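My notes follow in the order I looked things up.

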Amino acid sequence: MKTKIGLLYGGKSAEHKVSLQTAMAVMKALDLEKFEIHPIYIDVEGRWIKGPELTAPVEDVKALQFSEGDKLSPAALAPAVFQASEQEKDSLDVVFPLLHGPNGEDGTVQGLFELLNIPYVGNGVLASAAGMDKVLMKNIFAQAGLTQVNYVSFLKKEWEQAKEAAYAKVEAELDYPCFVKPANLGSSVGISKCRNRAELEAAFAEAFQFDRKVIIEQGVIAREIEIGVLGNDEPECSVAGEIVPKKDFYDYTAKYEDGNTALIIPADITAEEYQQLKDMAIRAFKALDCSGLVRADFFLTKDGKVIINEVNTMPGFTPFSMFPLLWKHTGLEYPQLIERLVNLAKERHAEKQQIKYTI
């Protein structure tokens with residue numbers, strides 16, 4: 001019997017286009033002999049539209065942007081989209097949220113699935129929320145004893161009320177160059193590299209367009225190394241890969257549009273460096289109580305020092321994405337990777353059903 005899988009994508013986020021590319025890649029990789037694919041599109045205004053079951057691979061993202069169909073009100077959302085009741089023949093077996101950024105990768109949608117008691121791929125509410133907020137994530141990593149670069153953060157209101165004081169604090173605690181980022185966004189959206197005060201001021205204004213909180217991190221001269229983590233309570237790591245951007249840093253365009261970046265897999269590192277990366281990646285995974293999948297990003301300095309940058313709890317699955325490529329070079333092809341994630345989602349859901357919520 002086929003597994004009925006709901007693919008949820010789009011979203012009211014600056015990463016809407018990224019999500020569409022991810023969705024198309026996943027749909028093309030799913031084996032139609034094994035899966036019954038039900039697309040669920042969230043448009044840029046936040047409306048949920050359930051599309052027809054897919055019976056052939058999708059070749060253009062425009063085909064995934066439904067303008068007609070079951071436009072759903074919140075009251076009709078659960079039964080119309082998910083058919084959550086076990087007695088209903090059209091119930092989905094699992095949902096794969098292919099959403100990036102706020103309202104998708106941050107625990108909000110995961111909370112909906114928990115309330116509806118539906119198995120879903122990826123991280124739970126806590127890990128998704130903490131992994132989305134770079135400030136909270138780094139605070140948790142600090143508590144876990146993971147080596148990081150120095151950082152400071154500000155709320156938009158703090159900055160608006162005392163801009164000069166904010167800039168002065170950055171310059172007192174960090175050196176140039178530094179990086180200014182929205183705290184709750186991924187895919188390098190809104191990130192700027194700053195070499196002086198003028199660039200710092202412009203970077204604050206840019207980042208605050210995307211979030212009410214920003215984080216400023218110390219720049220470091222190092223190689224960018226990434227590693228994939230897969231599993232639930234007993235996570236495993238992929239081979240390591242290196243990102244060599246031809247631009248100044250690995251920005252949104254390099255990631256998703258022009259492919260102007262070299263991905264070296266496996267990375268040319270020593271066995272000792274790889275072991276340290278693995279150990280830190282799993283410590284980070286467990287510190288956030290992750291499940292399913294994570295891509296852990298590191299800096300590796302010339303003297304062999306490993307510094308964790310961040311983890312991504314919903315890494316992209318586009319043709320330029322590192323996560324599936326890392327697992328391909330580890331011996332797990334893309335279709336098998338997706339099946340593994342679906343099985344991990346079912347495994348975690350089954351375990352949760354054993355928990356007693358009443359006395």
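**Entry 1: the second largest pocket.** I started here, keeping in mind that this is a predicted model. The volume of the second largest pocket comes to about 300 Å³. I then listed its lining and got 15 residues. Nearest the centre lie Asp 289, Cys 290, Ser 291, Arg 348 and Lys 352.

Which helix gives the largest share of this lining? I found that α12 does, with four residues. Both α4 (125-132) and α12 (334-352) supply at least two lining residues each.

Entry 2: Rolling a probe the size of a water molecule over the atoms shows where empty space is left. I counted two cavities of 30 Å³ or more. The second largest cavity holds about 70 Å³.

Its lining includes Pro 97, Leu 99, Gly 104, Glu 105 and Gln 110. Val 121, Gly 122, Asn 123 and Ser 128 are also among the lining residues, as are Thr 313 and Met 314. How does this lining divide by class? I noted six polar, four nonpolar and one charged.

**Entry 3: a four-stranded sheet.** Next I traced an open sheet with the strand order β6-β9-β7-β8. The pairing is antiparallel. From one strand to the next, the twist averages 25°.

Strand β7 (residues 178-182) runs antiparallel to β8, and three bridges join them. Where does Val 180 find its bridge partner in β8? It is Ser 192.

**Entry 4: helices on the sheet.** Helix α5 (residues 134-143) lies across β6, β7 and β9 (213-218). Against β9, α5 runs at about 50°.

**Entry 5: the whole chain.** I finished with the totals. The protein chain has 359 residues, and 55% of them are buried. I counted twelve helices and 14 strands. How far apart in sequence are the residues that touch? Taking contacts between residues at least 6 apart, I found that 69% join residues at least 24 apart.

Conventions. Residues numbered from 1 in each chain as written. Predicted model: local features only at pLDDT ≥ 70, side-chain atom pairs only at ≥ 80, totals over all residues. Heavy atoms only, no water. Pairing = 2+ DSSP bridges. Axes fitted to C-alpha atoms, helices over the stretch in contact; angles between N-to-C directions. Contact = heavy atoms within 4.5 Å. 1 Å grid on protein atoms, 1.4 Å probe; cavity = no way out; pocket = protein on both sides within 12 Å on 5 of 7 lines; lining within 4 Å. Points joined across faces, edges and corners; volume = space filled by probe spheres on them. Buried < 20%, exposed > 50% of the residue type's maximum accessible area, 1.4 Å probe, protein only. Nonpolar A, V, L, I, M, F, W, Y, C, P; charged D, E, K, R; others polar.
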